[in-house]
Each structure stands twice: as structure tokens, then as C-alpha cells.
Amino acid sequence: MHELSLAQNIIDSVREHVGDDRLPKVTEVVMEVGTASGVVGESLQFAYEAIVQGTPLASSVMTMHSVPFTVTCHACGTESESPAGYMVCPNCDSMDVSVVKGAEMILKQIVLNDD
Ligand SMILES: [Zn+2]
């Protein structure tokens, strides 16, 4: 149950950012999930919904944006998406590449209903 602990971490971060007294005002938690992060989006969403039940975050939803795994090549200078998550440049097959994005999950935005 990897996603359960991930969801719990996200909730802890949300709490840190907005503070306990404002938790009921959270309407949406926006995540960016890299295609090579190993996170199963549906499972994470399911875990989140299960954990927030009966808590001040019960009325919030989690939305996710997929971020394509992208590498930059030091041999040919090309930045390209590598859908399979390989550390190889699709342009010149060099393995001298660095990850630009798409290898992690990021808490992108917390939407509050401040009326
Ligand atoms: Zn290259």
C-alpha cells in the first residue's frame, strides 16, 4: 500500500501549508505526477479519498496532472520526452542525460475557498 503512505504525506504537507484551522476550506489539492515517478494515479486518488473521510479535508478533492518524463542530453543538447522513463536520449542514443522533470510527484497547488 505504497499509495496510502503517499496520500498521508500529501495530507501532512497540506496541513503544514494551510494550518489546521483552515483545513475545512480546502476544496482542491492539485498534484503533478511524473510519468516515471512510479505513482499509480488512480490508486493515489482512491487512497486520498479514503483517508480524508471524516476529517476536515473530507470535502476536498485531489486532482492530478501528468508530467511527461523529460531528459536533457549532454551529448547533443536535445531536451526530449522519454515516455518509457529510460535514461537514454531518443535523439542520439547517448546515456549521458539528466532528468529535467517527470521523475517525481509534486504538490503543485492547494485551492482554498476563502469567501
Ligand atoms: Zn542526445
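These legends accompany several views of one predicted model.

**View 1**
Let's start with the overall layout: the protein chain holds 2 helices and 6 strands, and along the sequence they follow the pattern α-β-α-β-β-β-β-β. With a radius of gyration of 17 Å, well over the 13 Å that the globule rule gives for 115 residues, the chain is more spread out than a compact globule. Its C-alpha atoms fill a box of roughly 50 × 30 × 15 Å along the principal axes. Of the 115 residues, 23% count as buried.

**View 2. The largest nonpolar core.**
Here 15 residues come together in the largest nonpolar core. Ala7, Ile11, Val29, Leu44 and Tyr48 have the most contacts inside this core. Two or more core residues come from each of α1 (2-18), β1 (26-34), α2 (41-52) and β2 (61-67).

**View 3. A closer look at Val29.**
Zooming in on Val29, one of the core residues with the most contacts, you can find its partners beyond four places in sequence: Ile10, Val14, Ser60, Met62 and Ile110.

**View 4. The open sheet β4-β3-β5.**
This sheet has 3 strands with antiparallel pairing, in the order β4-β3-β5. On average, neighbouring strands are turned by 35° against each other, direction ignored.

**View 5. The pairing of β3 with β5.**
Residues 70-73 make up β3, which pairs with β5 in the antiparallel sense over 4 bridges. To find your bearings, look for Thr72, which stands opposite Ser98 in β5.

Note on methods. Residues numbered from 1 in each chain as written. Predicted model: local features only at pLDDT ≥ 70, side-chain atom pairs only at ≥ 80, totals over all residues. Core = buried A, V, L, I, M, F, W, Y, C linked by C-beta atoms within 7 Å. Buried ≥ 20, exposed ≤ 12 C-beta atoms within 10 Å, placed from the backbone. Contact = placed C-beta atoms within 7 Å. Pairing = 2+ DSSP bridges. Axes fitted to C-alpha atoms, helices over the stretch in contact; angles between N-to-C directions. Rg over C-alpha atoms; globule rule 2.2 N^0.38 Å.
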